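Dear colleague,

Please find below the structure I am handing over to you. My notes on it follow directly after.

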Amino acid sequence: MKAIIITQPGGPEVLQIEERPTPAYQPHEVLVKVHAAGINRPDVYQRKGNYPPPQGAPQDIPGLEIAGVIAQVSSAVTRWKIGDKVCALVMGGGYAEYCNVPEGQCLPIPENLTFIEASSLPETFFTVWSNVFDRGRLKNNETLLIHGGSSGIGVAAIQMATALGHAVYVTAGSDDKCRFCEELGAAKAINYKKESFADAIKQLTNGKGVDVILDMIGGDYTAGNLKSLAEEGRLVLINTMNGKDAQVDLSVVMRKRLTITGSMLRSREITFKAAIAQSLEKTIWPLIASGKIKPIINKVFPADKAADAHALMESSDHIGKIILQWVHSS
């Protein structure tokens, strides 16, 4: 098979297409013929040498989400059969023509979606569900603040939370991105380059604050996050783009009875990811099938242009997902 290889740590140009053996698959796995793969920031960190893959994942083939057709199934697999169209969350190896996947991490592709659209779902939707609804415990009529509202994570979280009846606020870095987020369903998008998000949230919520914050920024955003949370609020960290160190006023945490938590999904066990898949299929997949939640695709690149796709990801000029497409001869 062909695969996109990280030839050495470095810039986008280190991504090269090479021939590799088709991966073997374990008794609980299926082999997927990949038609499309989503690009995510962890892929960029891995390319730079800053995010080693977990044990068992390909060390030099990035890619955390795919869509395609099941080419082979092992004897222990009970749900899937050859020819089924699926999208899937993987530990790595998604930038290749074939990828092995635990059967519980596969989801059926809704009939109204293409492979390209379906490949944009797993990494972001698994991440949002796990962190906003499971770890962040967003419920009833509670409110949500999302940093990076126009990112792949952001557009998924906006749609999922609003579809389930929650008021959503977001931050974004331009007026165009803010306008897009509001058109997608956000109650208010805050241009963080023009105003303090903490001051804006205070005004928007009449001083109450929001119940849950999904933060991929970290660093100097932390103090503003604590100010922006309501009593009993939950701050959920999924990345530290502004740095891993932060100064925290612990008296605010105590006075407002706040919870600060976070997670990394990639290294979690197969059963944990399979449980998320089941929740998504039950709660979110019907909303996708009905068109209430839609994939947001920014640009599709041929697989051999993976370097260009990474350059776009690093520019942060995109809104929504960036996708790699494999074109198979048969």
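Which residues line the largest cavity? Please bear in mind that this is a predicted model. The lining consists of Ser 120, Thr 124, Phe 125, Gly 152, Val 155, Ala 156, Gln 159, Lys 294, Pro 295, Ile 296 and Lys 321. The space in this cavity amounts to about 50 Å³, and the count of cavities of 30 Å³ or more comes to one. Two elements, helix H3 (122-135) and H4, each give two or more residues to its lining. H4 provides the largest share, four residues. By class, the lining of the largest cavity comprises five nonpolar, four polar and two charged residues.

The packing of helices H4 and H5

H4 spans residues 152-163 and H5 spans residues 175-184; their axes come within 9 Å and cross at roughly 30 degrees. Angles under 35 degrees count as roughly parallel, and the two helices are therefore roughly parallel to each other. Their crossing is right-handed. On the H4 side, the contact is made by Val 155, Ile 158 and Gln 159, and on the H5 side by Phe 180, Cys 181 and Leu 184. Five of these contact residues are nonpolar, one is polar and none is charged.

The largest pocket holds about 1,200 Å³ of space. Its lining is made up of 50 residues, and those nearest its centre are Arg 41, Tyr 45, Met 216, Asn 239 and Met 241. The elements that contribute two or more residues to this lining are helix H1 (41-47), H3, H4, strand E9 (168-172), helix H11 (306-315) and strand E15 (321-325). The lining of the largest pocket contains 22 nonpolar, 19 polar and nine charged residues.

The second largest pocket has a volume of about 390 Å³. Of the 25 residues that line this pocket, Gly 56, Ala 57, Pro 58, Gly 92 and Asn 100 lie nearest its centre. Strand E6 (98-102) and helix H9 (270-283) are the elements that give two or more residues to its lining, and E6 supplies the largest share, four residues. The classes in the lining of the second largest pocket are 13 nonpolar, six polar and six charged.

With kind regards

Terms used: Residues numbered from 1 in each chain as written. Predicted model: local features only at pLDDT ≥ 70, side-chain atom pairs only at ≥ 80, totals over all residues. Heavy atoms only, no water. Axes fitted to C-alpha atoms, helices over the stretch in contact; angles between N-to-C directions. Parallel < 35°, antiparallel > 145°, perpendicular 65-115°, else oblique. Left-handed = near helix turned anticlockwise from the far one by under 90°. Contact = heavy atoms within 4.5 Å. Nonpolar A, V, L, I, M, F, W, Y, C, P; charged D, E, K, R; others polar. 1 Å grid on protein atoms, 1.4 Å probe; cavity = no way out; pocket = protein on both sides within 12 Å on 5 of 7 lines; lining within 4 Å. Points joined across faces, edges and corners; volume = space filled by probe spheres on them.
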